[in-house]
Amino acid sequence: MAGWRVDFGLLLEPLGFIKVLEGIFSIFAFATCGGFQGETTLLVSCKGVVNKTVTAAFAYPFRLNTAVFSAPDPKCCGGTWTDVYLMGDFSSSAQFFVTLAVLVFLYCIAALVVYIGYKHVYQQNSKFPLTDLAITVITAFLWMVSTFTWAKALADIKMSTGASIIPGIESCKALGTTCRFVSVTRMGALNVSVVFGLLNMVLWGGNVWFVYKDTNLHNQPNRIYQSLGIYSTQRGI
């Protein structure tokens, strides 16, 4: 392949090493969020039914308003039990977060290919470092927006699947019907996804400096100072 010069030593330099970390952290971000599955469990007593367990399963992308509780019995508590759905649609926040993580991972792979095999082209053409800088700044900002948006959505998901849903269930208000909250799947993995979102935000924000150092925006002032120093020496100043 023309121009291909493999140099894995670049992975030990800040620019390459940080890019590897960014790729790894993005994997954890979308895996911990996109792979989640859970359920909310209630205990229902009604006409002809005593302490029957009903569940509503939910998963990424967290369209909770499509998650319906199973009926307590085939007769639906003598006709008093209607379909009960969880409340809320948090798919936009979750998909924004996961989509960004996947795109970031793909960009990291592409960037590492350039760093390892085409570093000489990257350094000789000023457009590549400037493009890399622009993408790094934008990505850091997007990580901030998506992480805080997802963190807020996660807090709402916990509310919409927890014990506070009981007062809002009309079927539980029917005469002779009682509902008791039992459990909801632990959301530790989703908490971890927020942590990795914050880590990605910090990592990409810090990497702005290292990418900036490779651009002519950083090198040009250095050349000017060096030229001034040579000029001053020649004049005996």
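Guide: The conversation below sets values of this model against the definitions of the terms.

Guide: This is a predicted model, in which local features need pLDDT of at least 70 and side-chain atom pairs count only at pLDDT 80 or more, while totals for chains, interfaces and linings use all residues. Residues are numbered from 1 along each chain as its sequence is written, and side-chain values use heavy atoms, with hydrogens and water left out.

Visitor: Why is Phe-62 called buried?

Guide: Buried means under 20% relative accessible area, exposed means over 50%, and partly exposed lies in between (1.4 Å probe, protein chains only). Phe-62 has a relative accessible area of 0%, so Phe-62 counts as buried. Tyr-60, at 25%, is therefore partly exposed.

Visitor: What makes Tyr-60 and Phe-62 an aromatic pair, and of which kind?

Guide: Rings of Phe, Tyr and Trp (its six-membered ring) pair if their centres lie within 6.5 Å; planes under 30 degrees apart count as stacked, over 60 as edge-to-face and the rest as tilted. The centres of Tyr-60 and Phe-62 are 6.3 Å apart and the angle between the planes is 90 degrees, so this pair is edge-to-face.

Visitor: Why is the pair of Phe-62 and Trp-150 called tilted?

Guide: Its centres are 5.6 Å apart and its planes stand at 35 degrees, so the pair is tilted. Phe-62 lies in the loop between β2 and α2 (76–79), and Trp-150 in helix α5 (residues 127–161), so the pair ties together parts that are 88 residues apart in sequence. Helices (H or I, at least four residues) and strands (E, at least two) are DSSP runs, numbered from the N terminus. The structure holds 10 aromatic pairs, and ring pairs link a cluster that includes Phe-36, Phe-62, Phe-97 and Trp-150.

Visitor: What makes a set of residues a nonpolar core?

Guide: A nonpolar core is a set of buried Ala, Val, Leu, Ile, Met, Phe, Trp, Tyr and Cys residues joined through side-chain atoms within 4.5 Å. The largest one here has 43 residues, and Phe-62, Leu-86 and Trp-150 are among those that touch the most other members. Its largest share, 7 residues, comes from α3. A second, separate core of 6 residues includes Leu-15 and Tyr-115.

Visitor: How do you know that β1 and β2 pair?

Guide: Two strands pair if DSSP finds at least two bridges between them. Because 9 bridges join β1 (residues 37–46) to β2, the two count as paired, and they run antiparallel. Gln-37 stands opposite Ala-59 in β2, and Thr-41 stands opposite Thr-55 in β2.

Visitor: Why do β2 and β3 stand at the edges?

Guide: The 3 strands form an open antiparallel sheet in the order β2-β1-β3. β2 (49–59) and β3 (178–184) each have a single partner strand, so one side of each is left without a neighbour in the sheet.
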